[in-house]
Amino acid sequence: MSKHVTHWIDGQPWTGSAERHGDVYDPATGALTGTVDFASVREVDDAVAAAAAAFPAWRSTSLAKRATILFNFRELINSRRDELAAIIVSEHGKVHSDALGEVARGIEVVEFACGIQQLLKGGFTDQASTGVEVYELHQPLGPVAIISPFNFPAMVPMWFFPIALATGNTVIVKPSEKDPSAANWLAALWTEAGLPDGVFNVVHGDKVAVDRLLEHPDVKAVSFVGSTPIARYVYENGTRYGKRVQALGGAKNHMLVLPDADLDLAADSAVNAGFGAAGERCMAVSVLVAVDPIGDDLVAKIAERVAKLRVGPGCSATSEMGPLVTGVHRDKVTSYLDAGLEAGATLVVDGRKHPIDSTSETGIDTADGFWLGPTLFDHVNRDMPIYTDEIFGPVLSVVRAKSYEEALELINSNPYGNGTAIFTNDGGAAAKFRNEVEVGMVGINVPIPVPVAYYSFGGWKASLFGDSHAYGTQGVHFYTRTKAVTQRWLDPSHGGINLGFPTNG
Ligand code: NAD
């Protein structure tokens, strides 16, 4: 064990001695690889103080200079994306190509934010009243907090901080304690890109750090991503302290397959979206709804594909699926296999029996890794825990439906509304689904419909608390507040007392 991850405050690693720590593991080997400092109130206050002190100069920095720093950051991360991907693999466990995909989707948001001059252009109205001009300023909020989950240690913070910084805010990131190193790597890269000290800070830790960020009077906004209970808590508490909050929560994403769909495409897509990143994606497909009569054929095609998946260490080029993030999480996910059987579902593929690429194949000691192979349940119904709970692992549940209407009712009854997809060759059916489904992100023959950076990412219902989605123009809106200016340059003939309410004339 060698690594020690600490906070990044005011342009450098923190040098104090932490009272509490967390453990960091390599999920592929199960080895303890380091520790991460957990912030107390004092360290959070130090990070917020650094962000508050840096704010006046940063908000006054020209858009051209801010964009130049963003371009520098983009070039640096682009040339070193493999390095960042390797860090993600070593703490999260996902396979290297998937980690590169995460980095690429984060870079998209940096590229979007590089166009900040265009995004911050305001309106201007000449002669709103006689001799009166009206316009709006879009001003930054101040220090803002970004609290992120374990499953995308680089991409999720990157959904937020490029836009927060480009719009003139300063940032405190609180990453997941399970895979903390990516945030520090990104912080050091900002310094290299020319970002002034204190504009981007990282504090590590748990509820203590989160609670202090929620209550600290100088933190003006909170962007949170994580599970629904914590998202709700963050939203309720952050707003109670008068902050602007967007809190993205958990998911149970349904993929609806109509009888006319291409079943090979649907089976490939279900496997990709169900088992990529070992199902630890908020946009993973965890429920497949097969409309009669295709269920048997589709389940057979999925089972055939799942059996061939290569499960092994993320750093091995042959692996298609890696381990789960921690032993505790693996055990929790595995417990759902018994729960599904007890509830009467059919266990078509048992992930506990799936071969894991061995040490002799990979050169990595996989014996104590946090493994569970891909698992497929059929004949799942809406009362079973494998349906009602967000499992967040490689477990795909197939629900049979008699009709489109029955399938739609199932999806719309679910408390979550993050992502969904329909597979069909019928444009009319797809359009009907697109309009009727109560979910924030919809794919049509696209299983993981994560919007591109110039749209916005966000679910409905228990998948998002607040009214702003992440990135895109909604991100710009979230990190700015408007100020409407009404001005008149007096001509000498005007003046005089008039106590009436101003009207336009
Ligand atoms: P989590 O809710 O356990 O943790 C998220 C963050 O909250 C972490 O930084 C963690 O340290 C902090 N936290 C944990 N417990 C807390 C508490 N009691 N009080 C205050 N803060 C606390 O989530 P996770 O396990 O890291 O990530 C997986 C979850 O995130 C899944 O539910 C997944 O669906 C969700 N997720 C959602 C999206 C989305 O866009 N909607 C994206 C990615 C992940």
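These are my notebook entries on what I looked up in this predicted model.

**Ground rules.** I number residues from 1 along each chain as its sequence is written. The model is predicted, so local features need pLDDT of at least 70, side-chain atom pairs count only at pLDDT 80 or more, and totals for chains, interfaces and linings use all residues. Helices (H or I, at least four residues) and strands (E, at least two) are DSSP runs, numbered from the N terminus.

**Ligand.** I looked up what surrounds the ligand and found 27 residues. The closest are P149, G226, S227, G250 and C282. A residue is near a molecule or strand if its C-beta atom, placed from the backbone, lies within 6 Å of it. By class, the shell has 12 nonpolar, 10 polar and 5 charged residues. Here Ala, Val, Leu, Ile, Met, Phe, Trp, Tyr, Cys and Pro count as nonpolar, Asp, Glu, Lys and Arg as charged, and the others, Gly among them, as polar.

**Seven-strand sheet.** I followed an open sheet of 7 strands, in the order β15-β16-β17-β14-β13-β19-β20, with mixed pairing. Two strands pair if DSSP finds at least two bridges between them. The edge strands, β15 (346-349) and β20 (441-444), each pair on one side only. From one strand to the next, the twist averages 20°. Axes are lines fitted to C-alpha atoms, for helices over the stretch in contact, and angles run from 0 to 180 degrees between N-to-C directions.

Two residues are in contact if their C-beta atoms, placed from the backbone, lie within 7 Å. Helix α16 (residues 427-436) lies across β13, β19 and β20, at about 175° to β20.

**Three-strand sheet.** I found another open sheet, ordered β1-β5-β4, again with mixed pairing. β1 (3-5) and β4 (20-26) stand at its edges with a single partner strand each, so one side of each has no neighbour in the sheet. β4 and β5 (residues 31-38) pair in the antiparallel sense over 7 bridges. Y25 stands opposite L32 in β5.

**Helix pair α4 and α6.** The axes of α4 (residues 96-113) and α6 (residues 155-166) come within 8 Å and cross at roughly 10°. The two are therefore roughly parallel (angles under 35 degrees count as roughly parallel, over 145 as roughly antiparallel, 65 to 115 as roughly perpendicular and the rest as oblique). The residues of their contact divide into 9 nonpolar, 1 polar and 2 charged.

**Helix pair α3 and α7.** The axes of α3 (residues 81-92) and α7 (residues 181-193) come within 9 Å and cross at roughly 160°. These helices are therefore roughly antiparallel. I listed L84, I87, I88 and E91 of α3 and S181, A182 and W185 of α7 as making the contact.

Most residues other than glycine have a negative phi, and most peptide bonds are trans. I found that Q127, not a glycine, has a positive phi of about 55°; Q127 lies in strand β6 (residues 124-129). The peptide bond from D292 to P293 is cis, with omega near 10°. P293 is in the loop between β14 and α11 (295-307).
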